[in-house]
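User: Hey, I'm new to this one. Can you walk me through a bit of it?
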Amino acid sequence: MIPSANRGWLLPICLVALIAAVWALPYSLDCNAVAWGDDPAIARVYSLCILQSHYADGLYIIETALERNEQGLIPYHPDPEYLRRWNHRVNLYGPDTIAMAAAIKDAILFQGALADGHVPSQEEVSTRIGQDRLRRESMNDIIRLVKLARNQDLAGFRKLAEETRDPDIRRALEDRTPVELMEDMKENDLRQLELMLEEGEADLGYFGHERYWEEILTAKLRREMAILKLEEAVLEASADGPDGPHAEVPRLGWLAYQERAFKGVNIELTRAAPSTVSVEGALAYLVEVLQEEQMDLSEEYRRRFERRRERR
């Protein structure tokens with residue numbers, strides 16, 4: 001029997017023991033319980049839940065690229081082999097799995113960036129959002145200016161040219177007439193701008209204007225900027241000193257970092273995950289792309305070394 005004087009300590013001691021026992025259990029974030037309205041979590045990567053919006057954004061980019069390719073709207077690429085390999089991978093793995101691969105890659109690298117302290121400030125993210133807003137306005141202004149010029153609406157053209165917020169557009173129009181602008185802006189270029197704006201409008205329509213700018217885009221930019229800071233740090237470390245393993249080609253160090261990060265990663269799909277997605281395929285795709293880029297860079301370095309030796 002516990003003396004009555006000591007019974008008051010029983011509850012706190014039991015609570016402490018319970019908390020310690022729970023803390024000792026393997027950590028597992030239940031992403032099935034994470035749902036933000038129409039944006040549920042579809043996978044867990046370590047301690048981060050991948051949301052539907054992140055996956056959907058990647059899938060939209062892939063599907064749009066496929067449509068543009070079929071319509072002959074893909075811009076010329078200096079490496080013609082690149083487009084062939086890209087199409088082969090899309091056919092092999094499927095757009096859904098490749099979109100999930102991009103989300104998994106971002107989740108792994110984002111957590112690595114956070115762990116190493118590469119976190120963008122709120123001011124940096126806000127600046128990027130402002131730049132994105134201005135960029136979208138600018139593209140819209142250019143399209144309107146070309147259409148006004150083609151309709152020979154010189155008054156409307158001059159008015160919009162003076163009111164546009166983008167200083168680069170104002171400077172470019174100072175010594176360019178509406179006719180010259182029409183000649184500079186080819187039909188394919190104009191269509192590319194219109195397609196880019198349509199993509200943005202689709203995002204706004206899907207998520208809602210306020211939520212897109214305040215939540216979706218903010219999370220996306222924070223993730224992108226953190227990963228970029230991590231990449232810059234790894235590249236700097238890879239190029240630090242002539243005796244480093246990747247001193248000649250620092251980007252190989254960044255690829256090696258990713259390869260290590262992808263090994264042994266634990267990924268769990270949630271109930272909301274698309275049935276067409278394959279985790280094994282997503283990881284295989286990431287490794288294949290990495291190894292191919294490593295081979296390309298190694299070959300480039302080999303040729304550079306051979307040319308240097310011939311000059312001696």
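User: Which residue stands opposite Arg44 in β4?
Analyst: That's Glu268. Quick background: this is a predicted model, where local features need pLDDT of at least 70, side-chain atom pairs count only at pLDDT 80 or more, and totals for chains, interfaces and linings use all residues. Residues are numbered from 1 along each chain as its sequence is written, and side-chain values use heavy atoms, leaving out hydrogens and water.
User: How do β2 and β4 pair?
Analyst: Strands β2 and β4 (residues 267-269) run antiparallel, with three bridges. Strands are DSSP runs of E, at least two residues, and helices are H or I runs of at least four, numbered from the N terminus; two strands pair if DSSP finds at least two bridges between them.
User: And what about β2 with β3?
Analyst: Antiparallel too, over four bridges, with β3 covering residues 48-51. Ala43 sits opposite Ile50 there. The two strands make a hairpin with two residues between them, and Tyr46 in the turn has a positive phi of about 55°.
User: New topic: how many disulfides?
Analyst: One, counting cysteine sulfur atoms within 2.5 Å. Cys31 and Cys49 form it, with sulfurs 2.0 Å apart. Cys31 lies in the loop between α1 (10-24) and β1 (35-36) and Cys49 in β3, 18 residues apart, so the pair links distant parts of the chain.
User: Are those cysteines buried or exposed?
Analyst: Both Cys31 and Cys49 are buried.
User: Which handedness does the disulfide have?
Analyst: The S-S torsion of Cys31 and Cys49 is about -90°, so the disulfide is left-handed.

Conventions
Buried < 20%, exposed > 50% of the residue type's maximum accessible area, 1.4 Å probe, protein only.
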